[in-house]
Amino acid sequence: MRMQPMEVGVFLSSTGISDPFEATTKLGELGIKSAQVGFQPPEFYTSENAQKLKAHMQKNGVTPTVLFIGFVDESYASMAAVQETVGFLNPDKLDERVEVSRKAIDFAAELGCQAAAAHIGFVPADSSDPAHGKLIETMREIADYCKEKGIAFHLETGQETAEELLEFLADLERDNVFINFDPANMILYGKDKPIEALELVKDYVRSVHCKDGVWPTAEGQLGEERPLGGGQVDIPAFVAKLKEIGYTGPLTIEREAGDDRIGDILRGKELLESLR
Ligand code: MG
């Protein structure tokens, strides 16, 4: 399964099918050759399942690229819910989540992914905040575990501005930590203009989400996701910018809303193929 530069990929769970085996079969039917893998309950992360999924993906001609770490009790329902439940900030859940992350990283490496990734939570803007120091410590532990397994770690964008992300990466001091650039998140979280942000963080971008959305209309609210091309990202400008910065990795479609996920994926694929 050789992927071409800017191969169009799909986030497995964006098919609307939660079972990764069935989702892979679907991508195979649609002729999609690259996929990011979403999170599963921790008990799924066994060596046996990794081998089975790897074989199933191979059979369907789908190459796994990045595995997203996530947790069953995270909520993206509102800005406040994200703040409270997502990533590695809640001290009561930290030990358990690091443990789950290790299992997910083992799984990602065995599956043949180049990286594990996650929304790590809102990075505290003030670096003298003890929560900031704790997050750095946690992310170093996770990055080092990835390194032990021979893979990278990608930070999902969106909950920080590009400048805050760069500062965080500099503070981390780890050479296997990069960025999964999601242009829509920049808008949905009201954080930054995606194309300008991409220019700023370009040296770190190793994977992307092709997702679209519109800016929030009120303080404290999230913007709304839209099918690719139907939001305010400016997808042609996004792909042009990726080319300009020399990005050749997959263009992975992420679609987390709407009731015609497969239709949206296919229309998104067509759009991306016309632009790349
Ligand atoms: Mg994303």
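Which exposed residues does the face of H1 turned away from its buried side carry? They are Glu 22 and Glu 29, where exposed means over 50% relative accessible area, buried under 20% and partly exposed in between, with a 1.4 Å probe and protein chains only. Before going on, note that this is a predicted model, in which local features need pLDDT of at least 70 and side-chain atom pairs count only at pLDDT 80 or more, while totals for chains, interfaces and linings use all residues. Residues are numbered from 1 along each chain as its sequence is written, and side-chain values use heavy atoms, with hydrogens and water left out.

Now select helix H1, residues 20-30, and colour its buried residues, which are Pro 20, Ala 23, Thr 24, Leu 27 and Leu 30. (Helices, H or I with at least four residues, and strands, E with at least two, are DSSP runs numbered from the N terminus.) Looking down the axis of H1, you will find these buried residues within an arc of 120 degrees, so they line one face of the helix; the arc is that of the directions from the helix axis to the C-beta atoms. An α-helix has 3.6 residues a turn, so residues three or four places apart point the same way. Show next what covers the buried residues of H1, including strand E1 (8-11), strand E2 (34-37), helix H2 (47-59) and helix H10 (261-275), with contact meaning heavy atoms within 4.5 Å.

At the start of H1, select Asp 19, where a side-chain oxygen reaches to within 3.0 Å of the backbone nitrogen of Phe 21. Just after H1, select Gly 31, which takes a positive phi of about 75 degrees.

Move on to strand E1, which has both faces covered: Val 8 and Val 10 on one side, and Gly 9 and Phe 11 on the other, are all buried. E1 runs parallel to E2, with three bridges joining them, and Gly 9 stands opposite Ser 34 in E2. Three bridges also join E1 to E10, again in parallel, and here Val 10 stands opposite Ile 253. Two strands pair if DSSP finds at least two bridges between them.

Finally, display the strands together: eight of them close into a barrel in the order E1-E2-E3-E4-E5-E6-E7-E10, with parallel pairing. From one strand to the next, the twist averages 30 degrees, where axes are lines fitted to C-alpha atoms, for helices over the stretch in contact, and angles run from 0 to 180 degrees between N-to-C directions.

Definitions and conventions. A polar contact is a pair of N or O atoms within 3.5 Å; within protein, one must be able to donate a hydrogen and the other to accept it, and residues adjacent in sequence count only if both atoms are side-chain atoms.
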